[in-house]
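Welcome! Keep the picture open while you read.

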Amino acid sequence: MLARKILVVEDEKILASNIRKSLQKLGYSVSEITKSGKEAIKKVAETHPHLVLIDICLAGEIDGVHVADIIQNHFHVPVVYLTECLEYKTLHKNQLSEPFSYIVKPVIERDLHFAIEMALYKHQSKKILYEEKQRLATIINSMGCAVIVTYANGSIQMMNPIAERITGWKQSEAFGKDLVEIVNLVDKDVGETIENLATDVMEAGEIFNLPENCTLITKDGREIAIGDNISPIRDRDGNITGAVLIFQDITKRKQTEAQLIRNAFYDGLTALPNRVLFLDRLRQTIERSKRRSDYYFAVLFLDLDGFKEINDRFGHGIGDDFLIAIARRLESCLRGGDTVARFGGDEFTVLLEDIKDITDATNVAKRIQDSLRLPVNLNGYQLSTTASIGITWNFSNHEEPATLLRDADIAMYRAKRQGKATYAIF
């Protein structure tokens, strides 16, 4: 093992020589002896010593304290001060407050050895701790999700770059602030602000998952859907020392889920509910009518008259645009709680909930016919249509949606046979 190099900075020539002899006797290598602060800084840069032994009251333009600060902070080399008596210790109490940070002149070999070994040990320990912190910080900063660490009182200790980007807060701004001030969360399912997240998880001592529809309000007021969890941080003894919140921006995932839901339950062309969603709503309505003897509803089955001719004459592009326009017309004829769906092709269904009697259903059918007769302007063409409409309602306590639709479909074909552009009641 190579002897550790020590730079001696002492302007008393005899004392410096004696220290050098003692150090060499103890097995150290004395790289240089210098009496100038400027020269000491230069020598540290050139020789890279393991430790610097420096006179705290060094004469010259730069005193020993200033030189030591530069060496420790810029070159990260440990320093042990040389001081003549307790008077100097009192004068420089800030620099000499740490144990084993100084040696009183005249130097005793045993004390010199002990002070140097302790200084080297402390420096190595600090270096290892610093490297561990840097490694941990590198890992956290490299994670693909936002990370916020709090102290035991719930105030923010650190944020990684992704957390800064999502929240809009810089770590320098957020440091020491309560987590709630920086991470403003709302549970969209209940419309309530989520407070004391760090405090709650530390008190419970277990991991909390964020709510399914958790929204983060950023520094500039934007709303971002986030997900993941917050966990207590424990030391080696199991004591909770803080909390760590890990989260991701799941806006794209939510949009994808919403699109999948739309694809599953809505018609891709008209954006109306499709057959699956209509049957589900009809099933719920049937169950509702079973619980209320005075609850009536009706189903209308519509087939556009003459749509095939429009499609054949003007092409599928115009035909699709025409169906979209008809969908908007149908929506305008209904109340907010009613449902119009595209069943396929030029067939549409309507669910009218909570009606008084069959008259309400026939009035809607008439309103639909009047609306469809108004021409639609597409690419300079004035297009209009009518519909054959079959109507059924829950007078006979239907149990299944398919039965209601079958009856409405039968009524619709009767309307077709009656000359189209009309309605028939099953």
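The points below are grouped by topic. Please remember that this is a predicted model.

**Strand β14 and its partners**

- Strand β14 covers residues 296-305, and nine of its ten residues are buried, so the strand is largely enclosed by the rest of the structure.
- One of its partners is strand β16 (residues 347-355), which pairs with β14 in the antiparallel sense over seven bridges.
- To find this pairing in the picture, look for Asp303, which stands opposite Glu347 in β16.
- β14 is also joined to strand β19 (residues 386-393) by eight bridges, and these two strands run antiparallel.

**Enclosed spaces: the cavities**

- Rolling a probe the size of a water molecule over the atoms shows where empty space is left.
- How many cavities of 30 Å³ or more does a search of the whole structure find? There are two.
- The largest cavity holds about 40 Å³ of space.
- Its lining is made up of Leu179, Val180, Val183, Leu185, Ile194, Glu195, Asn196 and Leu197.
- Sorted by class, the lining of the largest cavity has six nonpolar residues, one polar and one charged.
- The second largest cavity has a volume of about 30 Å³.
- Around the second largest cavity you will find Gly154, Asp178, Leu179, Val180, Asn196, Leu197, Ala198 and Thr199.
- Two helices, α8 (179-182) and α9 (197-204), each supply at least two residues of that lining, and α9 gives the most, with three residues.
- The lining of the second largest cavity divides into four nonpolar, three polar and one charged residues.

**An open space: the second largest pocket**

- The second largest pocket has a volume of about 640 Å³.
- Elements giving two or more residues to the lining of this pocket are α5 (109-142), β6 (146-151), β7 (156-159) and β13 (240-249).
- Which element provides the largest share of the lining of the second largest pocket? That is α5, with six residues.
- In total, 20 residues line the second largest pocket, and those nearest its centre are Leu136, Ile140, Val149, Gln157 and Met158.
- By class, the lining of the second largest pocket has eleven nonpolar, seven polar and two charged residues.

Terms used:
Residues are numbered from 1 along each chain as its sequence is written. This is a predicted model: local features need pLDDT of at least 70, side-chain atom pairs count only at pLDDT 80 or more; totals for chains, interfaces and linings use all residues. Side-chain values use heavy atoms; hydrogens and water are left out. Buried means under 20% relative accessible area, exposed over 50%, partly exposed in between (1.4 Å probe, protein chains only). Helices (H or I, at least four residues) and strands (E, at least two) are DSSP runs, numbered from the N terminus. Two strands pair if DSSP finds at least two bridges between them. On a 1 Å grid over the protein atoms alone, a cavity is a set of points where a 1.4 Å probe fits but cannot get out, and a pocket is an open set with protein on both sides within 12 Å along at least five of seven lines; lining residues have an atom within 4 Å of a point. Grid points are joined across faces, edges and corners, and a volume is the space filled by probe spheres set on the points. Ala, Val, Leu, Ile, Met, Phe, Trp, Tyr, Cys and Pro count as nonpolar, Asp, Glu, Lys and Arg as charged, and the others, Gly among them, as polar.
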